[in-house]
Amino acid sequence: MSPKTRAYLEKLYQLLQKMPEDERLDAIREIESHIAEGVANGQSEDAILARLGDPRMLAKAYRSEYMMEKGRGRSFKDVMIMAGFYCSTGLLSIMVIPVLATIAYGFGFCAVLVLLAGFIRTLGIGATWIQMSLGPGMEVPTEWSMVFSTIVGGIIGGIAYVSWRGLRLYMSFLSASYKKVLPGSRAM
C-alpha cells in the first residue's frame, strides 16, 4: 500500500473519531479492501482514491449511515437537542434574520448618505435642497452641517453596526446549533 493510500485511510480514521471504535475499524477495513480489490483488478491506487473522493465526504457518509442504522436507538437527549434546535431557530429565524439584515444594511446606507449630505451642504454647492434641523424652527447653520451629519451619521452607523454584529452572532449560533444535530457531529 502506498504512503498516499495510508495517509488517506489515516485521515478517514481520524474523521470517524465520533463513531464507536468497532464501527470505525469496519469502515477502514471496507475501504482498504475496496482499494486492494481495485489494485488486484489492474486499477491504479490514484484512480481508486479519486473515485472515493474527499475523505471528509466519505466520513460524513459513514456517520450518516451509522446514525440511520442506529435509528430508534437515539437517546432522549438526541431527540431533545433536535427538537430544541427546530423550535428555537425555525420560526425565530423567519423574523430575526430579515429584520437584522434590513436594519444593518439600510441604516449603514443611510449613515453614508447623511455624511455625504453634510459634506455637500457644508461646501454649499447649490445644496439649498438639503435641510438639517434639530426640530421645528431650529435649523442647523450651514457651517455646522458636517459636525451635525457626523454625529447623526455616527449614531445611525452605530445602530447599523450593532445590528450587523447581532446578525453575525445569530448566524454563528445557527451554524453551531445545526452542527450539533447533524449525524455524527456529537459523541455517540
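The structure is a predicted model, in which local features need pLDDT of at least 70 and side-chain atom pairs count only at pLDDT 80 or more, whereas totals for chains, interfaces and linings use all residues. Residues are numbered from 1 along each chain as its sequence is written, and side-chain values use heavy atoms, with hydrogens and water left out.

The protein chain comprises six helices and zero strands, the elements being DSSP runs numbered from the N terminus (helices, H or I, at least four residues; strands, E, at least two). Their order from the N terminus is α-α-α-α-α-α. Of the contacts (heavy atoms within 4.5 Å) between residues at least 6 apart in sequence, 64% join residues at least 24 apart.

Two packed helices are described by the angle between their axes and the distance between the axes. Helix 1 (residues 3-15) packs against helix 3 (residues 45-52) at an angle of about 25°, and their axes are 10 Å apart. Here axes are lines fitted to C-alpha atoms, for helices over the stretch in contact, and angles run from 0 to 180 degrees between N-to-C directions. Helix 1 is therefore roughly parallel to helix 3 (angles under 35 degrees; over 145 counts as roughly antiparallel, 65 to 115 as roughly perpendicular and the rest as oblique). Lys-4, Thr-5 and Tyr-8 of helix 1 form the contact with Glu-45, Asp-46, Leu-49 and Leu-52 of helix 3.

One aromatic pair is present in the structure. The ring centres of Tyr-161 and Trp-164 are 5.8 Å apart and the ring planes lie at 40°, so the pair is tilted. Rings of Phe, Tyr and Trp (its six-membered ring) pair if their centres lie within 6.5 Å, with planes under 30 degrees apart counted as stacked, over 60 as edge-to-face and the rest as tilted. Both Tyr-161 and Trp-164 belong to helix 6 (residues 145-181), where they are three residues apart, about one turn of the helix. Trp-164 is partly exposed, at a relative accessible area of 30%.

Ser-163 is also placed in helix 6 and, with 8% relative accessibility, counts as buried. Residues up to four places away in sequence not counted, Ser-163 touches Leu-100, Ile-103 and Ala-104.

Technical notes. Buried means under 20% relative accessible area, exposed over 50%, partly exposed in between (1.4 Å probe, protein chains only).
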